[in-house]
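User: I would like to take a close look at a single part of this protein, and I would be glad of a careful explanation.

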Amino acid sequence: MTTHLDTHLRTHCAIDPDGRVTFRLPPGPASRPRLLLRLRPKKGRPETTVHLLDLEPGRADGDLHAVLEPDPALDEGRWDLYLLPEPEAERQRLRPGPRDLRALVDGHLRDRPSPVAVRIPYVTKDGFLALRAWRRTAHAEARAIDVTEQAMTVEARLHGAELHEDATVRLRLRGSDTVRDLRPRIDDARGFSFTAGPEDLTDGTAAPGRIWDAFVRPTADAPPIRIGRLLDDVADRKHVFVYPALTAGGSSLRPYYTVDNDLAIEVTPAESPICPK
C-alpha cells in the first residue's frame with residue numbers, strides 16, 4: 001500500500017485521565033473517512049497490526065471526530081496515524097495540530113490497576129503524529145532520583161500490584177544472568193525507594209558498557225516488574241531527563257532512562273563514558 005504524505009492535513013488531539021484520546025480533523029470530500037492507527041513494525045518485519053476508527057462530523061464545529069477508547073488497550077509500541085478517505089483509497093499520513101496532554105502531567109499521582117495501559121500522543125522526528133503505547137501487567141513508576149557522591153537513591157510507586165514485607169529490588173546485568181538484590185525501604189503497599197552504590201554494581205571492576213536494568217519484586221516468589229517512568233506526558237525521556245554520574249574507585253555510575261523509558265544504570269570507567277540504549 002502506498003503512503004501519500006499531505007503536509008497540510010493536521011490532526012488535533014486531546015487525552016483524558018482514563019486514556020481516552022479524541023482526534024479532530026478538518027472536513028473533506030470523502031464520504032466514509034476513517035482514522036487508521038498502524039503499529040510500527042520492527043525493522044525488517046511486515047506490518048501486521050492496524051486499528052480503525054470511524055470519523056464522524058462534530059455537532060458544533062463540523063470537523064471530523066474519532067475517539068480511541070481506553071479499552072481495548074493498544075499493544076506496546078509506536079502507532080502511526082493515517083487518514084483513510086475510502087476503504088480502498090491511499091492512506092494519508094497525518095501531521096500534528098494542537099495536542100492537549102494536560103490530563104497526563106499528573107498521571108503518576110493516580111494508582112493504576114492491572115493491567116497498566118499507557119498511551120501518549122507525540123510528534124515523530126520527521127514531524128508526523130503518532131501514539132506511544134505501553135501495556136504491562138504491572139509497572140513501577142520511578143519518581144525522584146537523587147545522585148550524591150556516595151550513592152544514588154530512587155523513589156518509586158508500584159501500580160497493578162502491592163508490596164509485601166519480603167519485597168526486593170533486583171538489578172540485572174544486561175546480557176547475563178548476574179543479578180544484585182537490594183532491600184528497599186517500603187513506605188506503604190505501593191510506595192518504595194532503594195539506594196545503590198559502587199559496592200553494589202562494580203565488584204571492584206568496571207567493564208566497558210556494563211548496564212544494569214532495574215526491577216522490583218513485590219514478594220520473594222513474584223516475577224520482577226520493570227521500574228521506569230511512563231505515567232506523564234513525555235513519550236521519549238532518554239535525552240530529556242539526564243542525571244549526573246557518581247564516580248568512585250575509577251568507575252562512573254549514572255542512572256538513565258532507556259529508549260523504552262525504563263530505568264537502568266550504566267557503569268563505565270570514569271574516563272570513558274558510553275552511549276547506552
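Which residues have the most contacts inside the largest nonpolar core, and how many residues does that core have?

Analyst: This is a predicted model, and its largest nonpolar core has 33 residues, of which Phe23, Leu25, Leu35, Leu37, Leu68, Leu81 and Leu131 are those with the most contacts inside it. The elements that each give two or more residues to this core are the strands β1 (3-15), β2 (21-25), β3 (34-39), β6 (64-68), β7 (77-84), β9 (116-123) and β10 (129-136). The largest share, 5 residues, comes from β10. As background, nonpolar side chains tend to be buried together in soluble globular proteins.

Asp232 has a relative accessibility of 6%, and because buried means under 20%, Asp232 counts as buried. Residues up to four places away in sequence not being counted, Asp232 touches Leu104, Val105, Ile120 and Arg237, and the side chains of Asp232 and Arg237 are joined by a polar contact of 3.0 Å. Arg237, in turn, lies over the face of Phe241, at 4.3 Å from the ring centre.

Methods: Residues numbered from 1 in each chain as written. Predicted model: local features only at pLDDT ≥ 70, side-chain atom pairs only at ≥ 80, totals over all residues. Heavy atoms only, no water. Core = buried A, V, L, I, M, F, W, Y, C linked by side-chain atoms within 4.5 Å. Buried < 20%, exposed > 50% of the residue type's maximum accessible area, 1.4 Å probe, protein only. Helix = DSSP H or I, 4+ residues; strand = E, 2+ residues; numbered from the N terminus. Polar contact = N/O pair within 3.5 Å; in protein donor to acceptor, adjacent residues only side chain to side chain. Contact = heavy atoms within 4.5 Å. Lys NZ or Arg CZ within 6 Å of the ring centre and 35° of its normal.
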